[in-house]
Amino acid sequence: MKELSVSELGKRILQLIVSLFILLCVTFVIGRVLPADPVGAIVGELADPATLAAMRSRLGLDLPLYQQFFIYLTGLLHGDFGNAILTGNPVSADMKQAFPATLELATLAVIISTFLGVPLGLIAALFRDTFVDKFIRVIALVGHSIPVFWFGIVGLVIFYAGLNWAGGPGRVDVFYEGMVTPQTGLLLIDSLLQGETEIFWNALSHILLPALILAYAAMAYITRMTRSFTLEQLNQDYVIAARAKGVRPMRTLTGHILPNIAVQLITVLAISYGGLLEGAVVTEIVFSWPGIGQYMTNALMIGDMNAVLAGTIIIGFVFMLLNFLADVAYALLDPRTREATI
C-alpha cells in the first residue's frame, strides 16, 4: 500500500480549508439576515431607542456586513466565538461543556449501528430475495422512514415511564451531577477513570436509550449500503471461484467480500457519524441531553446568534473533517482513487 503524495494531501487540505471558509461565510450571513434580534434579547424589547442603538454599536452591529465578518473571523482565529446571551459565558467555554456530551452520544450510536448494520447487510445480500432479506429490508425501511423524535417519545413512555428499564432525561441522575471531574468530557470514560462505577452504570442507563434510537436510524442506512456493496461483489469472479472450491458462504462473506467492501464502508460510516452529530439535535431535545443540539436550540429561541453560529460551525467542521479523513483513508486503501478529488 503506497502512501499519499504530499501534493495530493496538500490538495485535500486546501479543499477542506476552502470548504470551511465557505461554511463560515454562509453561516455568518444567515445569522445576520435572520429576523432574530440579539440586541433586543440582551436589553429587552421595551428598551428605549438610545439604549438599543448603544448596545448595537457596542456589539458592532451598526458596521457594514463585511466589517462585521472580518471582526468575527479575527475573533475565531483566536478561539473567540463571542459571549452567549443565555449563560453570559464565552461561547467557547459553553461549547467545551456541551460538545463532549453530543460526541459521546453520537460515538456510542455509530458503534452500535456499525456492529448491527454491517452484519445485517451482509446477511440480507447472502439470502437475497428470501424472507430473511425482505425482513431485514423492512427493518431498515422503518428506521429510515419514521422520525427520530417519535421513536424518542415512544421510547421514553415505554422503557422509562412504563417499564423503568432506562434512565430518564439527562446524562445522569440529579444526585450524581457534578460528582465526576471532567477530564475527557465523556462521562462514561471519566467515571471509569475515577473509579466511580456506580455513576458509570447510572450514566450508561441514561445514554443507552437515546443512543439506540439514534443508532437505529444510522443502522438503516448502513444496512442498505452494505447490502448493495455485497450484492455487487457476489457476482465477481473471486466469489464464484471460492464457491467452486467449496468455501462456506459465511466464510466467503467475512474472509473475502467484507475486506473488499471495507474501503467503501469507511465513507458510509464517516457520513453516518457526521449525520449522527447533526441528527442528535432532535434527540437531545426529547431526552433533555445537555449537548450542543439542545444548547443551540435554547440559544435560537432567544436570538443568541453567537451561540447558534458557533454550534453550526463546529458541527459543520467536524462533518467536513470526517469526510476529509474518510477520503484520505479511501485513497490510502484504494490506489485507483488517488487522483480523485473530494
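**A walk through the helices**

Gly143 is buried, with a relative accessible area of 4%. That value comes from a predicted model. Gly143 sits in helix 6, which spans residues 131–145. Setting aside residues up to four places away in sequence, Gly143 touches Tyr216, Ala217 and Ala220.

Side chains of opposite charge can pair when their charged atoms come close. The structure holds 4 salt bridges. One of them joins Asp133 to Arg227, with the closest N and O atoms 2.9 Å apart. Asp133 belongs to helix 6 and Arg227 to helix 9, so this pair ties together parts 94 residues apart in sequence. Both Asp133 and Arg227 are buried. For Asp133 the relative accessibility is 0%, and the cut-off for buried is under 20%.

Asp133 has another partner. Arg137 forms a salt bridge with Asp133, and here the closest N and O atoms are 3.5 Å apart. Both residues lie in helix 6, 4 residues apart, or about one turn of the helix. Arg137 is partly exposed, at 41% relative accessible area. Taken together, Asp133, Arg137 and Arg227 are linked in a network of salt bridges.

A further salt bridge lies elsewhere. Glu104 pairs with Arg171, the closest N and O atoms being 2.5 Å apart. This pair links distant parts of the chain: Glu104 is in helix 5 (residues 91–126), Arg171 is in the loop between helix 7 and helix 8 (187–193), and 67 residues separate them. Glu104 and Arg171 are both buried.

Arg171 leads on to His206. Leaving aside neighbours within four places in sequence, the contacts of His206 are Gly167, Gly168, Pro169, Gly170, Arg171, Val172, Asp173 and Trp289. His206 is found in helix 9 (residues 197–234). At 3% relative accessibility, His206 counts as buried. Its side chain makes a polar contact of 2.7 Å with the side chain of Asp173.

Now the aromatic rings. A search of the whole structure finds 9 aromatic pairs. Phe21 and Phe69 make one of them: their ring centres lie 6.0 Å apart and their planes stand at 75°, so the pair is edge-to-face. Phe21 is in helix 1 (residues 6–33) and Phe69 in helix 4 (residues 65–77), so the pair ties together parts 48 residues apart in sequence. Phe21 is partly exposed at 42% relative accessibility, whereas Phe69 is buried at 16%. Phe21 and Phe69 also belong to one aromatic cluster with Phe28 and Tyr72.

Trp150 is partly exposed, with 42% relative accessibility.

Together with Phe149, Ile153, Val157, Ile158, Phe159, Leu163, Trp165 and Val282, Trp150 makes a nonpolar surface patch of about 880 Å². Helix 7 (residues 148–162) supplies the largest share of this patch, 6 residues. Ile153 lies in helix 7.

Technical notes:
Residues are numbered from 1 along each chain as its sequence is written. This is a predicted model: local features need pLDDT of at least 70, side-chain atom pairs count only at pLDDT 80 or more; totals for chains, interfaces and linings use all residues. Side-chain values use heavy atoms; hydrogens and water are left out. Patches are made of residues with over 30% relative accessible area and no salt bridge: like charges are joined within 9 Å, nonpolar side chains (Val, Leu, Ile, Met, Phe, Trp, Tyr) within 5 Å. Accessible areas come from the Shrake-Rupley method with a 1.4 Å probe; for residues, only the protein chains shown count as cover. A salt bridge is a side-chain nitrogen of Lys or Arg within 4 Å of a carboxyl oxygen of Asp or Glu. Helices (H or I, at least four residues) and strands (E, at least two) are DSSP runs, numbered from the N terminus. Rings of Phe, Tyr and Trp (its six-membered ring) pair if their centres lie within 6.5 Å; planes under 30 degrees apart count as stacked, over 60 as edge-to-face and the rest as tilted. Buried means under 20% relative accessible area, exposed over 50%, partly exposed in between (1.4 Å probe, protein chains only). A polar contact is a pair of N or O atoms within 3.5 Å; within protein, one must be able to donate a hydrogen and the other to accept it, and residues adjacent in sequence count only if both atoms are side-chain atoms. Contact means heavy atoms within 4.5 Å.
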